[in-house]
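Work through the exercises below with the sequence and the model at hand. Each task is followed by its solution in steps.

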Amino acid sequence: MERLPRLLLGGGLAVALASSTTAPPAAAAVPGGAPATARAAAHTTGPVATRATAHTAHTAHTAGQLSARAGAPVAAAPVPPGVRGLDVSSHQPGVSWPAVYRDGARFAYVKATESTTYRNPRYAEQYHGARQAGLIRGAYHFALPHKSGGAAQADYFFRNGGGWTPDGWTLPGVLDIEFNPYQSSNGLDMCYGLSPARMVSWIRDFSDRYLALAGRRPAVYTNTYWWQTCTGGSAAFGDHPLWLARYASAVGALPAGWTAHAIWQHADSGVFPGDQNVFNGTYEQLKLLATGRSTPAPVKAPVKAPVNALPKAPVQAPVRKAVRAATRVSSLNAGPEPVGKGRKLTVSGTLRLAAGTRRAVAGQRVLIRFRPLGSAVWRTAGTAVTSSHGTFRRTFRAAGDGHWQAVYNGDASRLAARSGSDHVDVRTGRWW
């Protein structure tokens, strides 16, 4: 992640809020707490480092000074409760994902894109490496709202690694919206020169487009001080999973609109490469978040009752939750096959309940995905809505060889499902 100012991520939040009517302190313009001159020298071009050379040197030097003065090593901060994870970018090359898993991490986020001009050159190796080692993983997009619209950046993110599938191993894509790290070069304030109303509109455009492309809302990575300042304390995004950045002993106050966080980024270094995170729930709840079926519940410490305590009220039977019906996407057909490049190709299928009467499921949106031959990445090509008979159909222009698949993300009463894949051979030449 791009580094949020330490003053605002740590115990200085109250001080910063108290002085929010004036210009932010110089440290607030410099992620990581490194001197502005050092940061500018380290970042004259390209995306901002998660842990830049200047920040690392500055932090190590400061820690060494404190250790020398105290005459003892600096104690490591305790790891908060929850499922442990990390986030990385191109600034963490050569991650040993099996070692990360052995050390206790169970999820990871990987930077995919920034604005509409940057793609992480290490994204594929990091994203697939995490999955192969057994971690649940997802992708994040670093937003630059002054560069282009929210919808345009959501498109770019989705096309370059930000997709999602309800397979239990893919976390929702993340909108990383935080302090402007390029203030010294673009001359804008920490809110990128946008008013709170324009910022809220930008975030909504990004979210709406991502929902249309991926079938679910993105998670939001931010910091309470930035959110309260740059969105005016908007409470409009509480239905998005919250990834909160705060380097302190407690999560602290949440941004407006949220009553719980999903992930807490509590440190920028530790046992894992990159930033250190914890998921606010159990591993089973993390898997549910990856399938799109649930949001995490806060972690609560067990309460021990006194030995001689008597119940104040009779114990009631637990309320049974409604069981969602299993579904099945069947009869998938992509064709004709073979088909000439640039000619029409139709993908069709049927959505039904998987048991009982197996009746048709009508009026539901189905994502149609394509995976080019030789690639491991599925891309959403479009969507279709099921008819009264549960059938769906969508026509595309054949662009190349590959596999087609249909995915249903489920709803409040039905579980998600996906079809098998259907390969189509696309040919070129005078006869096609």
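**Exercise 1. State what share of the residues in the protein is buried.**

Buried means under 20% relative accessible area with a 1.4 Å probe, protein chains only. By that cut-off, 48% of the 432 residues are buried. The model is predicted: local features need pLDDT of at least 70 and side-chain atom pairs pLDDT 80 or more, while totals for chains, interfaces and linings use all residues. Residues are numbered from 1 along each chain as its sequence is written, and side-chain values use heavy atoms, without hydrogens and water.

**Exercise 2. Locate the disulfide and describe its geometry.**

Step 1: a disulfide is a pair of cysteine sulfur atoms within 2.5 Å. The structure holds one: the sulfur atoms of Cys191 and Cys230 lie 1.9 Å apart.

Step 2: Cys191 sits in the loop between helix H8 (183-186) and helix H9 (196-214), and Cys230 in helix H10 (residues 224-230), so the pair, 39 residues apart, links distant parts of the chain. Helices here are DSSP runs (H or I) of at least four residues, numbered from the N terminus.

Step 3: the angle about the S-S bond is -75°, a left-handed link. Both Cys191 and Cys230 are buried.

**Exercise 3. Which residues line the largest cavity, and how do they divide by class?**

Step 1: the lining consists of Tyr109, Val174, Ala219, Pro241, Leu242, Trp243, Ala262, Ile263 and Leu289. Lining residues have an atom within 4 Å of a point of the cavity, a set of points on a 1 Å grid where a 1.4 Å probe fits but cannot get out.

Step 2: the lining divides into nine nonpolar, no polar and no charged residues. Ala, Val, Leu, Ile, Met, Phe, Trp, Tyr, Cys and Pro count as nonpolar, Asp, Glu, Lys and Arg as charged, and the others as polar.

Key:
Buried < 20%, exposed > 50% of the residue type's maximum accessible area, 1.4 Å probe, protein only. Helix = DSSP H or I, 4+ residues; strand = E, 2+ residues; numbered from the N terminus. 1 Å grid on protein atoms, 1.4 Å probe; cavity = no way out; pocket = protein on both sides within 12 Å on 5 of 7 lines; lining within 4 Å.
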